[in-house]
Amino acid sequence: MILEDKSWLARLLHPNALTLYRVASVPLLVVLMLSPSRWAAFFAALVFSLAAITDFLDGFMARRMGLISQFGKIMDPLADKLLISSAFIMLVSLGRVEGWIVCLIIGRELAITGLRSILASSGSDVAATNLAKWKTGFQIGALIPLLLHYPYFGLNFHLAGTWVLWVALVLTVWSGVDYVVRARKLIF
């Protein structure tokens, strides 16, 4: 019985399963964000936060357990972009974030994902840079309070999220330029 529990738990915490949980969380996040209530905002932030944690966990588990796979290499970044883009798009639809900011962020994500695909096909290293990891961290750090939106415990979460979003925007553009500069030999 214990061996079965361990294999069940191992399958549940497999890095590819964690990636798929992140993808599966997107429809729930979107549905929660369709309701402009304080409770829906709280649960949307909770769902997003749990999904964001799987982003850290799947990479950690894959490296630690030697479970790096082609599926994970392709789906992990796509799951991240799907989760983050969906949250940003829904925030624009709710009037909580300016559309142009989200266009820059999502545009960078799509362009760099394409660039990384080209680099990977040529055999180049496409691992995320530290700058890109900071960018993702600040995007997540902005999205959680923006999703919460309403004041809790006397704190203005929307304002805090907006300030972090400006930092995330700068890092997003900077890391995009960094990728293009580093890949210019393959582009031109």
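A salt bridge is a side-chain nitrogen of Lys or Arg within 4 Å of a carboxyl oxygen of Asp or Glu. By this criterion, the whole structure contains seven salt bridges. The model is predicted: local features need pLDDT of at least 70 and side-chain atom pairs count only at pLDDT 80 or more, while totals for chains, interfaces and linings use all residues. Residues are numbered from 1 along each chain as its sequence is written, and side-chain values use heavy atoms, with hydrogens and water left out.

**Figure 1. The chain as a whole has seven helices and zero strands.** Helices (H or I, at least four residues) and strands (E, at least two) are DSSP runs, numbered from the N terminus. Along the sequence, the order of elements reads α-α-α-α-α-α-α. Of the 188 residues in the chain, 41% are buried; buried means under 20% relative accessible area, exposed means over 50%, and partly exposed lies in between (1.4 Å probe, protein chains only). Contact means heavy atoms within 4.5 Å. Among contacts between residues at least 6 apart in sequence, 76% join residues at least 24 apart. The chain exposes about 10800 Å², of which carbon and sulfur atoms supply 74%. Accessible areas come from the Shrake-Rupley method with a 1.4 Å probe, and for residues only the protein chains shown count as cover.

**Figure 2. Arg22 takes part in a network of salt bridges with Asp55, Asp76 and Asp80.** Side chains of opposite charge can pair when their charged atoms come close. Asp55 is buried at a relative accessible area of 18%, and Arg22 is buried at 1%. Arg22 also forms a salt bridge with Asp76, in which the closest N and O atoms are 2.4 Å apart. This second pair links helix H2 with helix H4 (residues 70-93), across 54 residues.

**Figure 3. Lys81 and Glu109 form a salt bridge.** The closest N and O atoms of the pair are 3.3 Å apart. Lys81 lies in helix H4 and Glu109 in helix H5 (residues 99-121), so the bridge ties together parts that are 28 residues apart in sequence. Both Lys81 and Glu109 are buried.

**Figure 4. A nonpolar patch on the surface includes Trp39 and Phe42.** The patch consists of Trp39, Phe42, Phe43, Leu46, Leu50 and Ile53, which together have about 610 Å² of accessible area. Patches are made of residues with over 30% relative accessible area and no salt bridge; like charges are joined within 9 Å, and nonpolar side chains (Val, Leu, Ile, Met, Phe, Trp, Tyr) within 5 Å. Trp39 is located in helix H3 and is exposed, with a relative accessible area of 62%. Phe42 is partly exposed at 33% relative accessibility, and Phe43 is partly exposed at 38%.

**Figure 5. Ring pairs link Trp39, Phe42, Phe43, Tyr152 and Phe157 into a cluster.** A pair of aromatic rings is described by the distance of the centres and the angle of the planes. Rings of Phe, Tyr and Trp (its six-membered ring) pair if their centres lie within 6.5 Å; planes under 30 degrees apart count as stacked, over 60 as edge-to-face and the rest as tilted. The count by this rule is seven aromatic pairs. In one of them, the rings of Phe42 and Phe43 have centres 5.4 Å apart and planes at 80 degrees, so the pair is edge-to-face. The charged end of Arg38 sits over the ring of Tyr152, 4.9 Å from its centre; a charge sits over a ring if NZ of Lys or CZ of Arg is within 6 Å of the ring centre and within 35 degrees of the ring normal.

**Figure 6. His149 has a positive phi in a residue other than glycine.** Most residues other than glycine have a negative phi, and most peptide bonds are trans. The phi of His149 is near 60 degrees. His149 lies in the loop between helix H6 (130-148) and helix H7 (157-187) and is partly exposed, at 23% relative accessibility. Phe153, found in the loop between H6 and H7, likewise has a positive phi, of about 55 degrees, although Phe153 is not a glycine. Phe153 is exposed, at 80% relative accessibility.
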